[in-house]
Amino acid sequence: MSGWRMYLIGIAILGVSGPGWPRSSPPQSNPQTAAQPSISGTISYRERIALPPDAAIEVKLQDVSQATPKTIAESVFAPEGKQVPIPFQLSYNQADINPAHTYKVQANISVNGKPMFTSTTAEPVITNGAPSQVSLMLQQAPASSAPTSATKLRGTHWVLAELNGKPAEPGEGETAHLVLHKKGRLSGSTGCNLLSGTYIAEQGALQFTPAGMTMKACSQPVMAQEQALLAALKATNKYQIEGETLELLNGSQLLAKFQAKPTK
């Protein structure tokens, strides 16, 4: 397929999806998804401190029946100018709930990866007569000088190494990469086009929001990688860093691996 034809297809896709990253095909309707249960409530703290615009709020539902709590669902979002009490809603899969188990929900607020407020006690929900609507009262997090993985997450030039279990394409012009800047700004490349957007990161949770992308046409393998990378970024809700490797995850599913670019 000629580069000119690919360029026209790229314009058509972006024209349909708007100024952000191209959208994937809309999912088929699923009655079970529409009826998906959720936990709702508010998040508050007693200190007279306003949340900065780059704060990140994480809500987590866990099965605490075992010695090691198991995370059932989690969400990270920005306050978007709201101050406490801040409403939240966390959806979960009913199939993951065992009526004989105990479940609790907790929340944390951080700024640039540093904890600001945290739950000191988790609230029971769902089973054993517990409600599905709770009010979470957070406490101010103790000061700590210890570095966190979120600190390293930001400011590092992350080069795509693996996508959906396959080695990354070398790209044309720029290697596919991401840079997560301070104040929630994202930049990078798909290996063909430059992309930009925003993100929210909070103690292992991560969410990307698209803003824009250039419309260059590249070879078929690189364009296929571009579409797969954009889909992976949209699906990401967690991350972990091991050594110099960043992993993007959707729950326990590994979506992509990035390697930190050595500093000169």
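Does Glu80 count as buried, partly exposed or exposed, and at what relative accessibility? Glu80 counts as exposed, at 67% relative accessibility, where exposed means over 50% relative accessible area, buried under 20% and partly exposed in between (1.4 Å probe, protein chains only). The model is predicted, so local features need pLDDT of at least 70 and side-chain atom pairs count only at pLDDT 80 or more, whereas totals for chains, interfaces and linings use all residues. Residues are numbered from 1 along each chain as its sequence is written, and side-chain values use heavy atoms, with hydrogens and water left out.Glu80 forms a salt bridge with Lys82, the closest N and O atoms being 4.0 Å apart; a salt bridge is taken as a side-chain nitrogen of Lys or Arg within 4 Å of a carboxyl oxygen of Asp or Glu. Lys82 is partly exposed, with a relative accessible area of 39%. By this rule, the count of salt bridges is four. Another of them joins Lys60 to Glu58, with 3.9 Å between the closest N and O atoms. Both partners are buried: Lys60 at 17% relative accessibility and Glu58 at 1%.

A further salt bridge is formed by the side chains of Glu244 and Lys152, at 3.0 Å from N to O. This pair links distant parts of the chain, 92 residues apart, with Glu244 in the loop between strand S15 (238-242) and strand S16 (245-250) and Lys152 in helix H3 (residues 149-153). Helices (H or I, at least four residues) and strands (E, at least two) are DSSP runs, numbered from the N terminus. Glu244 counts as partly exposed at 45% relative accessibility, and Lys152 is likewise partly exposed, at 30%.

One aromatic pair is present in the structure. The ring centres of Tyr45 and Phe117 lie 3.8 Å apart and the planes meet at 10°, so the pair is stacked. Rings of Phe, Tyr and Trp (its six-membered ring) pair if their centres lie within 6.5 Å, and planes under 30 degrees apart count as stacked, over 60 as edge-to-face and the rest as tilted. Tyr45 belongs to strand S1 (residues 38-45) and Phe117 to strand S6 (residues 114-118), so that the pair links parts of the chain 72 residues apart. Tyr45 is buried at 5% relative accessibility, as is Phe117 at 1%.

Helix H4 (residues 220-235) has 16 residues and reaches 23 Å from its first C-alpha to its last, close to the 22 Å expected, the expected span being 1.5 Å times one less than the number of residues. Its buried residues include Val222, Met223, Leu229 and Leu233. Val222 lies 8.1 Å from Pro170, C-alpha to C-alpha, at a sequence separation of 52 residues. Pro170 is found in the loop between strand S10 (166-167) and strand S11 (177-180) and is exposed, with a relative accessible area of 64%.
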